[in-house]
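Look at the model shown here and follow how its side chains pack together.

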Amino acid sequence: MIDTKTKIAAGLERAFAAHGFAEPSVEDLRDAAGVSLRTLYKYTPSRADMVVAALEHRHGRYLSHLFEDLPETQQAVLDALFERVGDWMASEAAHGCLFHGAVAAEPSSEGLRELLARHKAEVARRAAAATGLDGREIDLLVILEGLTQTWSLHRDAAVTSAKRLGQGLRMSGAE
């Protein structure tokens with residue numbers, strides 16, 4: 001059984017992903033969370049807390065999607081990560097990165113910028129560790145971010161290009 005905090009965070013994530021950060025009213029967010037207004041405010045006392053709860057939930061789901069049950073070889077892991085990002089974009093993020101969207105909606109929020117930085121750093125760190133490319137976190141992040149930004153225009157071709165760039169990165173590390 002799902003706990004109330006997770007239920008709220010999941011509903012908020014869905015609402016913000018579907019409608020952006022400015023459009024949904026508190027009533028819309030309450031409905032998406034499937035709880036009373038009182039319960040919503042008990043767990044997320046402000047709209048800013050609602051955004052953070054949604055992003056934290058998204059962060060956990062994204063990490064699970066990318067890193068659970070990876071293949072055995074490091075090259076296969078690298079290709080699988082790019083394929084999984086493409087799958088995520090197709091099913092979850094056709095409008096782009098929700099973390100970037102949150103920062104764009106409230107650019108003066110230091111907390112949101114820190115959450116974005118933490119999310120991206122953890123993805124890069126885990127990708128480097130899983131692929132044997134420790135020390136190349138920024139290189140991997142550039143490829144992953146490029147994939148998320150170009151996916152809506154090029155879809156499978158963007159995934160194929162990311163794989164090619166990943167192979168080049170792996171080969172440059174072997175020198």
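Predicted model: local features only at pLDDT ≥ 70, side-chain atom pairs only at ≥ 80, totals over all residues.

Residues are numbered from 1 along each chain as its sequence is written, and side-chain values use heavy atoms, leaving out hydrogens and water.

A nonpolar core is a set of buried Ala, Val, Leu, Ile, Met, Phe, Trp, Tyr and Cys residues joined through side-chain atoms within 4.5 Å; buried means under 20% relative accessible area, with a 1.4 Å probe and protein chains only. The largest such core has 25 residues, and Leu66, Phe82, Val85, Leu140 and Leu147 have the most contacts inside it. At least two of its residues come from each of the helices H4 (47–67), H5 (74–91), H7 (110–131), H8 (137–154) and H9 (156–173). Helices here are DSSP runs (H or I, at least four residues), numbered from the N terminus. H5 gives the most to this core, with seven residues. A second, separate core has 23 residues, including Ile8, Phe21, Cys97 and Leu98.

The structure also holds two aromatic pairs. Rings of Phe, Tyr and Trp (its six-membered ring) pair if their centres lie within 6.5 Å; planes under 30 degrees apart count as stacked, over 60 as edge-to-face and the rest as tilted. The ring centres of Phe16 and Phe21 are 4.9 Å apart and the planes are at 25°, so this pair is stacked. Both Phe16 and Phe21 are buried. For Tyr62 and Trp88, the centres are 5.1 Å apart and the planes at 75°, so this pair is edge-to-face. Tyr62 lies in helix H4 and Trp88 in helix H5, so the pair ties together parts that are 26 residues apart in sequence.

Terms used
Buried < 20%, exposed > 50% of the residue type's maximum accessible area, 1.4 Å probe, protein only.
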